[in-house]
Amino acid sequence: MRYALLIYVDPAAYAGMSEAQQGAIFQEYFAVTDEMQKRGVDTGSGAPLQPINTATTVRVRNSKMLTTDGPFAETKEHLVGFYILNCKNLDEALEFAAKIPDARLGSVEVRPVQEIQYPPS
Amino acid sequence: MSDIARIVETTFRAEHGHVLGALVSYLGDLDLAEDALQDAMITALETWARDGVPLNPAAWMTTVARRKAIDRLRRDKLFQEKQQELQLHAELERPGEMEFDDRPIPDERLKLIFACCHPALALESQLALTLRTLGGLTTPEIARAFLVPIPTMNQRITRAKTKIRQAGIPFEIPPAERVPERLDAVLYVLYLIFNEGYSATAGDDFIRQELCNEAIRLARVLVELLDQETQLESDAEALGLLALMLLHDSRRAARVDANGEIVLLEDQDRSLWNQAEIQEGLALLDRAVALCQPGTYQLQAAISALHAQAPTYTETDWRQIAALYAQLVRIEPTPVVQLNCAVAVGMAQGPLVGLMMMNNFKLEESLSQYHLYHAARADLLRRAGEFDSARIAYQRAFELAQTRAERVFLLRRIESLKHT
């Protein structure tokens, strides 16, 4: 079953960190992703996202396209990246979520992916 | 209700957890298992009246429920997919046979307990689901227990089962490194169920007794299952919790008088205490303590044990109780525990020391809306000779009290102080 692991962090959590500390966290991410691949759960569809100052939000209201600078909502914690993992059950997905470094600083939401049966084209 | 209906209901209720556990393990689907068991119950109402109650009801229930599950799946478009998962080939090859499998039904209740108490479910859902699937209580009974409308409880249970299915909550014993925290969650659910039944704020008398009985039964099952499961160690807190429940429950008959009014510990007729439960509780506590894994339930059980072993109220070992509370406060520094600690210290070292402790813990802030805080404080003030302050505190407690029995008791205290 596929699960989305959505990683949310408050940028302020990184504010006080030295480059060495941040580097250590990146290394941890590499290690976690490596383990996911070795355990055969990584679907390769995940990605870290660039910081929120690079975000742009689109809405269409009354046929008008509205484009705004920034993430969709003014929240403290922002989406910083995600994994899509193929796990045998929720517990396996939760186990990986707990290994994600940002689970210590922020939150990781784990939600099953809807498996849509696309009609044959 | 007819006799046969009552027998069917009682039997299904008693075997519910065991049979459901086996069905869920077999089918991999809680909803389907429950629906199939419901179908089997309807069949039982017809056939048991005609053929008599089967010699092995659990075997009958399991066999018939499996057939009902297959029937349901056949009607379901997703049958083809399920077939592989269920490995039903053997059954399908002999469609008409009603073979009663008399082999012992595998006890999958541990898996069921861990699934129902999974932290991915909201706590209130864990409580409802545990009572429904393992306790076999009906939805109306559970609704009554938690003072919630039946449709609300129905929705809560349905949503919980949906979450289990959609999020992929497994029916498995967690891996060894996760067991301690997952077991904590299970114990907490059982503790809450017992508390709900034991406290004076829940529904009617009958359902409260049912909840306590159910909590004790499930705790017993848990302890037995943990003993049997070789990959898990005996858990001291599981033993401690069962001990705690039994020791508390042993006082049931003495807690309320013929008029349904509260009888305080100091006034209880100790000859009404259930000695069998006390002995069982003490033995469990000994087993627990020998494992050297201290914890909150064991401490609470030890305190209850000291009360249970005191021949009279005045012979209670308050010093020991106060010492145990001091330990409990360290691991569980909640206002209610702090309150109980202050009360025990008040008994061991005098009311003024107890009152001072209440001030030190700043309980006036955290427990200002809790009637038992005011009642406890009033009691200490009364024993210290501060009758006016005591009466005011009892008045406050009276205003906040939630049951008739407690209000009657508090009123009597207020009246008695008016004449001092």
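User: Leaving aside its neighbours within four places in sequence, which residues is A:Val80 in contact with?

Analyst: In this predicted model, A:Val80 belongs to strand 5 of chain A. Once the neighbours within four places in sequence are left aside, the contacts of A:Val80 are A:Ile7, A:Tyr8, A:Val9, A:Pro48, A:Leu49 and A:Asp102.

User: Is A:Val80 buried or exposed?

Analyst: The criterion for burial is 20 or more other C-beta atoms within 10 Å of the residue's own. A:Val80 has 20 other C-beta atoms within 10 Å, and therefore it counts as buried.

User: How far apart in space are A:Val80 and A:Pro51, C-alpha to C-alpha?

Analyst: Along the chain, 29 residues separate A:Val80 and A:Pro51. In space, taken from C-alpha to C-alpha, the distance between A:Val80 and A:Pro51 is 7.0 Å.

User: Which residue in strand 5 of chain A is the bridge partner of A:Ala47?

Analyst: Strand 5 of chain A covers residues 78-86 and pairs with strand 2 of chain A in the antiparallel sense, over two bridges. Within strand 5 of chain A, the bridge partner of A:Ala47 is A:Phe82.

User: Which strands of chain A stand at the edges of the open sheet?

Analyst: The open sheet in chain A has four strands in the order 2-5-1-6, with antiparallel pairing. Two of these strands have a single partner strand each, so one side of each is left without a neighbour in the sheet, and they are strand 2 (47-48) and strand 6 (107-112).

User: How many residues does chain B bring to the contact with chain A?

Analyst: On the side of chain A that touches chain B, the residues by class are three nonpolar, one polar and one charged. The contact takes five residues from chain A, and from chain B it takes seven residues.

User: How many helices does chain B have?

Analyst: Of the 420 residues in chain B, 41% are buried. Among the contacts in chain B with a separation of 6 or more, residues 24 or more positions apart account for 63%. Chain B has zero strands, and its number of helices is 22.

User: Over which residues of chain B does pLDDT stay under 50?

Analyst: Chain B averages a pLDDT of 88, with 90% of the residues scoring at least 70, and the model scores ipTM 0.85 and pTM 0.84. Where pLDDT is low, the predicted coordinates should not be read in detail. The stretch of chain B where pLDDT stays under 50, for which the model has zero contacts beyond four places in sequence, is residues 92-98.

Terms used
Residues numbered from 1 in each chain as written. Chains lettered and ligands numbered in written order. Predicted model: local features only at pLDDT ≥ 70, side-chain atom pairs only at ≥ 80, totals over all residues. Pairing = 2+ DSSP bridges. Contact = placed C-beta atoms within 7 Å. Nonpolar A, V, L, I, M, F, W, Y, C, P; charged D, E, K, R; others polar. Buried ≥ 20, exposed ≤ 12 C-beta atoms within 10 Å, placed from the backbone. pLDDT = per-residue confidence, 0-100.
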